[in-house]
Amino acid sequence: MPYPRRTDRDSIVSAAIELMQERGLDSVSLRAIAARLGIRQPGLYHYFGGKTELLDAVAEEILCRWHTDRLPADGERWDEFVARNARSLRRAMLSVRDGARLIASTGSRSPSLDTAIEQIALLEDAGFRDTDAALALIAISRYTIGSAIEQQTARDGGEIVVATDRTDAAASHFVDIAQRVVALGQDHEFDTGLAALLRGFDPTSRSMH
């Protein structure tokens, strides 16, 4: 879409997201964004100190637009919320080409304080020790980001490629399993791993150290 020469911080971030969608993260540069906006590159430095600062803002905008389930609802169980939050984060990353790689590379270990307080409180109320609550949220966030990166960068588009000319029963059985796993889809694959993590972190079923 065409942009006017007069610009602002929001239009710069939006232009960067559009470039990511069209060409991928590696194509996002201050020069490319300035060209898209129809302005000279030095004009961007009025809003951003450099590319790193710009990409931080782009990541924040992607999360603001699509990561919408960050807070627990009244009466929501801890595992229901954590699963909903993880799916929301995954949805946000997959909404933009290379979104997961961007979020992983710009992610901060300084979370939104109010959001973190509510999330930790929910898990503590469910029986988690304070540090265990934080570690559970970190682990599930890392699983979510890692699976999204793999989905967006997988060479075979999510297929499980078995390079063999074997026709024996064991090989045929494995190929059949692989095909059925692929048929279940990547959402199902993600949810299966997420459910296993949630069961493992359940404070009523195990003691975490």
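**Salt bridges, burial and helix packing in a predicted model**

Guide: In this predicted model, a salt bridge joins the side chains of Arg 65 and Glu 61, at 2.8 Å from N to O.

Visitor: What makes the contact of Arg 65 and Glu 61 a salt bridge?

Guide: The N to O distance is 2.8 Å, and the definition asks for a side-chain nitrogen of Lys or Arg within 4 Å of a carboxyl oxygen of Asp or Glu; therefore the pair qualifies. Both residues lie in helix H3 (residues 51–66), four residues apart, about one turn of the helix.

Visitor: Why is Arg 65 called partly exposed?

Guide: Its relative accessibility is 35%, and partly exposed covers the range between under 20% for buried and over 50% for exposed, so Arg 65 falls in that class. Glu 61, at 28%, is also partly exposed.

Visitor: Why is Thr 115 called buried?

Guide: Thr 115, in helix H6 (residues 113–125), has a relative accessible area of 18%; buried means under 20%, so the term applies.

Visitor: What makes H7 roughly antiparallel to H9?

Guide: H7 and H9 pack at an angle of about 165°. Angles over 145 degrees count as roughly antiparallel, so H7 is roughly antiparallel to H9.

Definitions and conventions. Residues are numbered from 1 along each chain as its sequence is written. This is a predicted model: local features need pLDDT of at least 70, side-chain atom pairs count only at pLDDT 80 or more; totals for chains, interfaces and linings use all residues. Side-chain values use heavy atoms; hydrogens and water are left out. Axes are lines fitted to C-alpha atoms, for helices over the stretch in contact, and angles run from 0 to 180 degrees between N-to-C directions. Helices (H or I, at least four residues) and strands (E, at least two) are DSSP runs, numbered from the N terminus. Angles under 35 degrees count as roughly parallel, over 145 as roughly antiparallel, 65 to 115 as roughly perpendicular and the rest as oblique. Buried means under 20% relative accessible area, exposed over 50%, partly exposed in between (1.4 Å probe, protein chains only).
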